[in-house]
Amino acid sequence: MTRALLRAATVLAAALLATTVMAGSAAASPISQRFSVPSGDNCTYGYTEGVLEWRSTAPTKAVRLTGVVVDRPSANEPIACRDDRRYTIASYVAYAGERPIDRAAQRVDNGALRFDFVLGSDVSAVGIERVVIQVCRTSLDRPSTVPDYCGREHTFRPTSIGPNSL
């Protein structure tokens, strides 16, 4: 009887250890989430697409973004848009609650710009709950800090499958 009890206890301990190790490694692995955000115009003159890599579930300390920002017309693009004398700027903002805690922007004119950066790497103990991405277009002829127009904001969380509007 004692031998059977010891065997059962050993099997139970091994199962608990395996479950703990697998849960720990799953929590440590990053969560990848694709994004594609347009400028909101008829020709989709500007857009950004890529991958958000959440370092853990929310709140997380850092989110890596890799991808591209495109402004049309650009070489090798299948869609022909005429040059409208505007450039595209994509903004990426990390939030903790309602407070923006880190941000980045990528600008391109008539081309494509690849990017790879981390939001939140210099942030203190506050965690990132969501990232908001928006693509705007601004005139080259009238330099201004205010864009001519923007597509809608897209909100991404590590637990959601796609964007949620604000």
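What follows is a chat about a predicted model, from its sheet to its aromatic rings and one threonine.

Q: How many bridges between strand 3 and strand 6?
A: There are 9 bridges, in the antiparallel sense, with strand 3 covering residues 63-71. Within that pairing, Val63 stands opposite Leu119 of strand 6.

Q: OK, switching to rings. How many aromatic pairs does the structure hold?
A: It holds 5. One of them is Tyr92 with Phe115, a tilted pair at 5.3 Å centre to centre and 55° between the planes.

Q: Where do those two sit in the chain?
A: Tyr92 is in strand 4 and Phe115 is in strand 6 (residues 111-119), so to speak distant parts of the chain, 23 residues apart.

Q: Is Tyr92 buried or exposed? What about Phe115, buried or exposed?
A: Tyr92 is buried at a relative accessible area of 0%. Phe115 is buried too, at 8%.

Q: What's the geometry of Phe115 and Phe117?
A: Their ring centres are 5.4 Å apart and the planes are at 40°, so that pair counts as tilted. Phe117 is buried, like Phe115.

Q: Which residues form the aromatic cluster?
A: Phe35, Tyr92, Phe115, Phe117 and Phe156 form one cluster.

Q: Last topic, Thr88. Where is it, and is it buried or exposed?
A: Thr88 is in strand 4 (residues 86-96). It's buried, with a relative accessible area of 0%.

Q: Which side chain does the Thr88 side chain make a polar contact with?
A: The side chain of Arg137, at 2.9 Å.

Q: And what else is Thr88 in contact with, leaving aside neighbours within four places in sequence?
A: Besides Arg137, the list includes Tyr45, Gly46 and Tyr47, then Val69, Val70 and Asp71. Gln106, Arg107 and Val108 are on it as well, along with Val135 and Cys136. Arg107 is also the residue whose charged end sits over Tyr87.

Notes: Residues numbered from 1 in each chain as written. Predicted model: local features only at pLDDT ≥ 70, side-chain atom pairs only at ≥ 80, totals over all residues. Heavy atoms only, no water. Helix = DSSP H or I, 4+ residues; strand = E, 2+ residues; numbered from the N terminus. Buried < 20%, exposed > 50% of the residue type's maximum accessible area, 1.4 Å probe, protein only. Polar contact = N/O pair within 3.5 Å; in protein donor to acceptor, adjacent residues only side chain to side chain. Contact = heavy atoms within 4.5 Å. Phe/Tyr/Trp six-rings, centres within 6.5 Å; stacked < 30°, edge-to-face > 60°. Lys NZ or Arg CZ within 6 Å of the ring centre and 35° of its normal. Pairing = 2+ DSSP bridges.
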